[in-house]
Amino acid sequence: MADPTPVLDDLRAESDELDRLVAGAGPDRWGLPTPAPGWTVAHQIAHLAWTDRSALVAVTDEDGFRTLVQQALAAPDSFVDQGAEEAAGLPPAELLARWREGRAALDEALRKAPPGARFPWYGPPMAAASLATARLMETWAHGLDVAEALGVTRAPTDRIRHIARLGVRTRDFSFGVHGLPAPAEPVRVELRSPSGESWTYGPEDAPQRVTGPALDFCLLVTQRAHRTDLALHAEGPDTDRWLDIAQAFAGPPGPGRSPKGDGG
């Protein structure tokens with residue numbers, strides 16, 4: 001079983017970096033629009049706070065989480081937006097405090113989780129390390145939206161290794177949410193990390209493969225950039241199709257982002 005400590009440490013660092021970014025922005029800037037249609041900076045932080053709270057319920061109150069799942073099933077196309085809207089109108093200081101409190105409680109609960117424990121989620125149950133990885137992915141991706149709204153360029157770090165691994169592991173999921181059969185052939189993914197390391201996944205002799213920067217791969221699987229704006233190379237028809245529909249996050253197919261040439 002995977003030790004959740006490394007990803008929990010990276011999740012804390014990623015959250016703290018985003019925290020410093022929004023804490024340093026004036027209250028008036030929390031109303032700036034982000035690349036997500038209809039979402040301001042406040043909506044992005046409210047969404048992270050809401051999802052952290054949902055994860056905390058999943059870890060500490062299984063019956064309570066069933067109620068959250070029923071609410072999601074009752075409004076599959078709007079429950080995420082509703083969760084963000086509920087707190088986006090709070091004063092920025094209050095919203096920031098809520099996010100801090102929730103993520104601290106989740107961090108503590110996951111670090112105390114019994115080895116091998118699995119927790120319910122909006123999909124298959126997840127171990128502590130997997131749930132922390134999902135939270136890291138969302139924190140990083142929504143942090144990119146916030147940074148763009150604030151006109152800030154955040155330097156990528158090797159913390160995205162967890163997101164890259166998740167992106168590889170969700171290849172079959174990406175096909176499934178589009179109603180497509182999962183490819184039979186294995187895939188080889190070779191990525192260059194922000195620090196210059198080589199990250200590889202899958203059999204070395206696999207005919208289907210993806211190569212390119214790890215940052216670009218993570219932008220693709222979190223749908224923060226269009227494939228045509230990224231330096232990723234696909235070999236094989238299954239892999240070429242995968243890069244068109246890649247999605248590492250739970251839920252129905254995401255709308256993705258438009259190519260920069262189209263004003264996205």
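A nonpolar core is a set of buried Ala, Val, Leu, Ile, Met, Phe, Trp, Tyr and Cys residues joined through side-chain atoms within 4.5 Å. The views below show a predicted model.

**Figure 1. The largest nonpolar core of the predicted model comprises 30 residues.** Val189, Leu191, Phe217 and Trp242 have the most contacts inside this core. At least two core residues come from each of α6 (128-150), α7 (161-169), β3 (187-192), β4 (198-201), α9 (214-221) and α10 (237-245). The greatest contribution is that of α9, which supplies six residues. A second, separate core contains 23 residues, among them Val7, Ala55, Ala128 and Leu131.

**Figure 2. Surroundings of leucine 191.** Apart from neighbours within four places in sequence, Leu191 is in contact with Ala164, Glu197, Ser198, Trp199 and Tyr201, and also with Gly212, Pro213, Ala214 and Phe217. Of these residues, Phe217 is, like Leu191 itself, one of those with the most contacts inside the largest nonpolar core.

**Figure 3. The open sheet formed by four strands.** The strand order is β4-β3-β5-β6, and the pairing is mixed. Strands β4 and β6 lie at the edges, each pairing on one side only. From one strand to the next, the twist averages 10°. Strands β5 and β6 run antiparallel and are joined by three bridges. Arginine 209 is placed opposite glutamate 235, a residue of β6.

**Figure 4. Helices α9 and α10 against the sheet.** Helix α9 packs on the sheet and touches β3, β4 and β5; the direction of α9 makes about 110° with that of β5. Helix α10 lies across β3, β5 and β6, and runs at about 45° to β5. Within α10, the buried residues are Thr239, Trp242, Leu243 and Ile245. The elements covering the buried residues of α10 include α7, α8 (171-177), β3, β5 (208-213), α9 and β6 (233-235).

**Figure 5. Packing of helix α1 (residues 5-23) with helix α5 (residues 92-111).** The two helices pack at an angle of about 175°, and their axes are 11 Å apart. Because angles over 145 degrees count as roughly antiparallel, α1 and α5 are therefore roughly antiparallel to each other. On the α1 side, the contact involves Thr5, Leu8, Asp9, Arg12, Ser15, Asp16, Leu18, Asp19, Val22 and Ala23. These residues meet Leu96, Trp99, Arg100, Arg103, Asp107, Leu110 and Arg111 in α5. Classified by residue type, the contact of α1 with α5 has seven nonpolar, two polar and eight charged residues.

Note on methods. Residues are numbered from 1 along each chain as its sequence is written. This is a predicted model: local features need pLDDT of at least 70, side-chain atom pairs count only at pLDDT 80 or more; totals for chains, interfaces and linings use all residues. Side-chain values use heavy atoms; hydrogens and water are left out. Buried means under 20% relative accessible area, exposed over 50%, partly exposed in between (1.4 Å probe, protein chains only). Contact means heavy atoms within 4.5 Å. Axes are lines fitted to C-alpha atoms, for helices over the stretch in contact, and angles run from 0 to 180 degrees between N-to-C directions. Angles under 35 degrees count as roughly parallel, over 145 as roughly antiparallel, 65 to 115 as roughly perpendicular and the rest as oblique. Ala, Val, Leu, Ile, Met, Phe, Trp, Tyr, Cys and Pro count as nonpolar, Asp, Glu, Lys and Arg as charged, and the others, Gly among them, as polar. Two strands pair if DSSP finds at least two bridges between them.
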